[in-house]
Amino acid sequence: EKKPEEVYLSDAAKVFLCETLCNEIQVYKTILKQAQNINKEQYIQSMQELKTSCPKEAMEESCADDMPDISLKVEKAKGELIY
């Protein structure tokens, strides 16, 4: 088992990961902005942490890849969900 200090991503890997997760990051920012259970300071802290991890995606409002249309998956899942 690796120790936390042994886990390392290169700068190139971090950029690739942030670019790959760009749409998810945009959704995360929207959720943060609309969240009613966090205060302004918590919002600012979360955005600062995001800017540290993925600065480009933290500042952008859209991504190179379009947001996927998951409406069919949502409709299909409605019949499969157990309440």
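I began with the disulfides (cysteine sulfur atoms within 2.5 Å): counted along the chain, the bonded cysteines pair in the pattern 1-3, 2-4. The model is predicted, so I note that local features need pLDDT of at least 70 and side-chain atom pairs pLDDT 80 or more, while totals for chains, interfaces and linings use all residues. Residues are numbered from 1 along each chain as its sequence is written, and side-chain values use heavy atoms, without hydrogens and water.

I looked up Cys 18 and found it joined to Cys 54, S to S 1.9 Å. The torsion about this S-S bond is -70°, a left-handed link. Cys 18 lies in helix α1 and Cys 54 in the loop between α3 (40-53) and α4 (55-59), so the pair ties together parts 36 residues apart in sequence. I took helices as DSSP runs (H or I, at least four residues), numbered from the N terminus.

I then turned to Cys 22 and Cys 63, whose sulfur atoms are 2.0 Å apart in a disulfide. Cys 22 belongs to helix α2 and Cys 63 to the loop between α4 and α5 (71-80), so this pair ties together parts 41 residues apart in sequence. I checked burial (under 20% relative accessible area, 1.4 Å probe, protein chains only): Cys 22 is buried at 5%, and Cys 63 is buried at 17%.

Last, I examined α1 (residues 11-20) against α2 (residues 22-34): their axes, come within 4 Å and cross at roughly 65°. I took axes as lines fitted to C-alpha atoms over the stretch in contact, with angles from 0 to 180 degrees between N-to-C directions.

Conventions: Helices (H or I, at least four residues) and strands (E, at least two) are DSSP runs, numbered from the N terminus. Buried means under 20% relative accessible area, exposed over 50%, partly exposed in between (1.4 Å probe, protein chains only).
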